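The following exercises concern the structure shown below. Each task is followed by a worked solution.

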Amino acid sequence: MFFKKGIKKQGPSEKEKTIESFPASKEEVISFFRQQFHSAADLVIKEVCPHLTVLYLEPLIDGQILREQILQPVQNKKIHSLEELYSILSVGDVNNEKDPEKAVESLLNGSTLLHLDGTPRVLLASTPQSITRSLSTPELESQVIGMQVAFNECLSTNIGLLRKLISSTSFCHDQLVIGHQSKSRASIVYLKEIASEELVTTVKERIQKLSIDALIDTPVLAELIEDNSLSIFPQSILTERPDRVASQLTNGKIAILIDGSSHALLLPNPLIEFFQSKEDQNIRWQIATFLRLLRIGSMVFSIFATSFYVAALTYHYEVLPQPLLVPLGESRSRVPFPPVFETLLLEIVIELLREAGARLPTKVGQTMGIVGGIVIGTAAVEAGFTSNILIIIIALSALASFTSPSYMLGNVIRLLRFPIIILAGLWGFYGIMLGFCFILIHLLRQSTLGVPYLAPFYPPRYKDWKDSIIRFPAQFLYKRPDATRPQDSYKFPPSDGEG
Amino acid sequence: MTAMKINLAERPQHSISALLLFFILHSVQVGVGLQGFQRIVFKSAGHDAWISVLISGIWSVIVLLIMVKTLSFYENTDLYGIHFDVFGKWIGGLFSALYMLYCLFAFFIIIRNYVEVIQAWLFPQLDAWFVALTLVVMAIYTVSGGIRVLVGLCFFSVLFSAWMILLLIFPIEYADWRSLLPVMEANITHLMRGAYDMTFTIIGFEVLYFINPYIKEKEKTLKFSALGLAYTLFVYLSVMIVSLVYFSGAQLENTIWATLTLFKIIHFPFVERFEYLAITFWMLIILPNLGMYLWCAVRGMSRVFHRNEKSYIYWFSLLIIIPVCFVKTRNDVNTLNGFFAKIAFGVVFCYPFLLFAVTWIKKTYKERKRRKSI
Amino acid sequence: MKTFPLIVLLIFSLILSGCTEPKILERVGLITAVGYDDAEDGSGKIKGTTAVLQVDPDALQNVDIMTDEGYTSKGIVNLENLRSSRKIRSGQLRVALFSDRLAKKGLINFADSLARDPSISEIVYMCITEPTSADILNHQYENIPDIGEYLYRLLDQNIKNEEIPSPTIHEFMKGHYAAGFDPVAPILKRKGESVKINGIALMKNDKMVGKLNTKEGYYIKLINGRYKGGNMEFLLPKGSLDPILPKKENKGIPVAIDTLQSSSKIDLINAKEKKFNVSLKIRARLLEIRVPVNLDVPKNMVFVQNVIQNKIKKQADDVIKYALSKETDPFGFGESYRSSVRNSNLTRDQWHKDVSSIKVNVDVDFKLLRTGVID
């Protein structure tokens, strides 16, 4: 079963009044559109010359195109037929439309509707204005070396960015419309002859099966089409970097972009890729390998360090070496709570600081992080609320959780700490191990687009280990990862001998 | 009871590569037995106990060979299919049911031994049923995920616990290698007796009977299974030899969990008393055993009795927790272990030969009949 | 979903019922050293003295010394609990002391109780004290804030530097149960404001039967092959270096060497007569020699070497003779015998009977490799 969610498929919502074809008369047409847009102050209806009515949604169209290419040519002319009108207009994309519903749709997409009194058809001139901002540098996934451009909210710009990076005819771009209210355009991008057709079909099927009313951003889509959205682990990666998307497309992945969202979604995405940054490919392989190992190490540290502290101090004082015993005991001696409460308290303080910092403007946020951290930390130790050793451990594990290149996974790591701390507080090392085993089995049960979540480690694909927690020099990475089930397994012929 | 299919046609996404057999068999073999097999073998074979370990390891490979041969008579089947084919519906069903009982018994024994260790070393006050329940919940979570998850757990269990063998370097510091000499002082009866005592520790590879239909490349089965057994043997041998040189004879006899005692002297600058970590880490080592035995038993319910697998995962597991609460003392556990070892010896080390013989006779008989008819 | 409330119920019942007794670090008193003596009234009770670490930055002293009398070592801990604000636990025990009077009666019951308790480490050092353990633990030392830690570091440092054989509880139990060798333990004695390792106690099974000074203690390690290197000092007999000296010495000549390499091999030459040959191979450098000898001349160097070699041989002979006369075998001759004679079925008691009659020959191969940076 590809689609596990219990979302019932709903029929398209009933319109109050549907009509088969266009009314011919001017008055009828105007009243029809007024009825369709229940209340639309921005709907402009003008009679520019006798019999010719122009309709458009003002914020969506480009005023200049309208003036220069539609209004000026028809000015003071007598037009008798649509064909004549068609020949006059200098707008590139003009459609002759009979279906009133489609006409409404086009209006919503920024077209200008021209109606000639007495004709049961309309002309739709495409005059959209792109509501967007200029391209900026990536904020969330900033890199020292690499492309300094991030996606913005305009779908065509984003596709353009990708097309620029992959100038190939095998670049496929399918568009679907999601949400019967929002009518969001979603683009599915992949490379023909590389991406697995089965996976592409699966993605399309899952998107088409959705019957939600509105889709505003990609993370929502991610949650809706993932294999198991109940899991805490994200199964698809969100990225704002065109270069990352482009390089993953060449690995056989599928990207989904939505108009209005500045993040692309990459599928399928095994766990290991959350530890990889695009930058790893831009720096020397030794350093990239070291950084990847560091990230994985810091994840393990981040999840288990504080719970280890709790377990050792609550149940297993035997494991502490003599030199640590006295400093630990002294720092703990004035704390009135058991270690598990102390730790939970401090973890929550850290989370508060982080959350408050994220909500405040950058400069205030930074100050708050530093001041809050130092002031609260020092005061808490002096008041005897926490031990200073714990502060070090917590600060380190918080720091470690921010090394994750994926913001999503960083959040997961921080949240996973809490249940494990509680388990450690209840049953010491045994509790930690329960948590560890549970996470392991849970990860084994997950899949991303039907691909095992722990690929390439399990099922073992040794050749793909070359670009997993380690990174081999580029000339050895001639193979596409099996996890994406590529049609063509080789990026380039393997070179024998060293390059 | 309707007739069952002897050969299974497994869907391709369920099949696993033969390489994983290495991990499966090794992880199912290594379990609670490893924590304290030394003294049992030592009592029989003295300081030549390591030879007994070697004998039992070789014996296990021979049995494996027979198992693979038996399975190779069929296209793609498991033990339940063979039982049905060879012994018919009723007797075969009875045998299958007995084998399922054996699997559940193994499941129970593993849990009870681990509970014993947790209670003796970590938390004397912790209730047995509580530990059992947590383990069973983990096993249920694994098995309900299907064979892919189960094999994955085996894989990671081996991968994540492989470093533990390096810990044996620490006790070697206290070693007296003369303890191993003179070699072969024990007579052959004692050595065999010691090898027999290894049963409890070395079993686990019988799950090949059940995992067989899922293996992709059947021709590599023997190679990777044998490698798995060889790795197990290597682990057992190293642990046994280090124990023999680390402890003195009578001391080893008095040490119930010699492997854990070995870990007692390990200390790092940041953590001492490594056995506390090792014991809890052992959970990862026994979970594949629990999962695999539970899965084998549950598999029987669907293969032999055509029941829904899912619900029996819960029933069987809950069934096991109850007896865990009734076995209370160390003596009871020892008696049970001895009893189980006897059964396991029959089931794992003797029965495959019988099964092979019967299957072989049946196949040749059929073959002859077929030829005559041509 | 119906299963959800069930899962919540399960989790809560687990948390409520599965709670175990916490041992929070700062709320327990940690025994770091324990000493046992005979009770003075002769009632058969044991007097236990424990150094309990109670971490408290406000207190003047972190260590409480408590003494109680009881019949079992665990019983003593229970008595101490009665006057401690924190539950006393023994998981951080590092040093166990026994008075020599107790040691002469046998220590196995104590060692057994230490080894049986899973919370107690295998590397607890077992030491014999003179005259009593209470004397060492009870004293208020000027410069030692934590006597437990101090004793541990004292022993640890000396073991690491190969000054004394390692006396962990594991090695004690190993020696006790082994047929062919016996454990040893260092002897501690208070000297004013510090504690000194005063010698090595020879044990027969678990009973102390003899005593060597620390210098002689080297030879135990040297012979059983556990010696890696360390400083040694000899007093060469007077006149022994005269041929190479400008003028005669009429005192013993002190020499200090630093062993770089050493190995030992015990061979059973004759199984019937139980004749052993010990070959010691020592490579050392000269650290100090208190006479004006010209070591530039190779002949002189060889001479010094031979004199030291003879000295080592003589001392080794003496130590072996002494130990064997006490019917104890800390060197492992028995193990050598057991491992080279098939079906010897050697038992502990049998070997202790035989050991005083075995014959041991010691061969020493001693070489001075260098003499420091000057000649």
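**Exercise 1.** Determine which strands of chain C helix α10 lies across, and at what angle the helix runs to β11(C).

*Solution.* The model is a predicted one. Helix α10 of chain C comprises residues 333–340. This helix lies across β11, β12 and β13 of chain C. Its direction makes about 30° with that of β11(C).

**Exercise 2.** Describe the order of the strands in the open sheet of chain C, and explain why one side of β10 and of β13 is left without a neighbour in the sheet.

*Solution.* Step one is the order: the four strands follow one another as β10-β11-β12-β13, and their pairing is mixed. Step two concerns the edges: β10 (231–236) and β13 (359–370) of chain C each have a single partner strand, so one side of each lacks a neighbour in the sheet. Step three is the twist, which averages 40° from one strand to the next.

Helix α9 (residues 298–325) of chain C packs on this sheet and touches β10, β11, β12 (275–289) and β13 of chain C. The direction of α9 makes about 150° with that of β13(C).

**Exercise 3.** State in which sense β10(C) and β11(C) pair, and over how many bridges.

*Solution.* The two strands, of which β11 covers residues 253–270, are antiparallel and are joined over six bridges. Within this pair, C:Leu235 stands opposite C:Pro254 of β11(C).

**Exercise 4.** Find what percentage of the residues in chain C is buried.

*Solution.* Chain C has 375 residues, and a residue counts as buried under 20% relative accessible area. Buried residues make up 55% of the chain.

Technical notes:
Residues are numbered from 1 along each chain as its sequence is written. Chains are lettered from A and ligands numbered from 1 in the order in which they are written. This is a predicted model: local features need pLDDT of at least 70, side-chain atom pairs count only at pLDDT 80 or more; totals for chains, interfaces and linings use all residues. Side-chain values use heavy atoms; hydrogens and water are left out. Two strands pair if DSSP finds at least two bridges between them. Axes are lines fitted to C-alpha atoms, for helices over the stretch in contact, and angles run from 0 to 180 degrees between N-to-C directions. Contact means heavy atoms within 4.5 Å. Buried means under 20% relative accessible area, exposed over 50%, partly exposed in between (1.4 Å probe, protein chains only).
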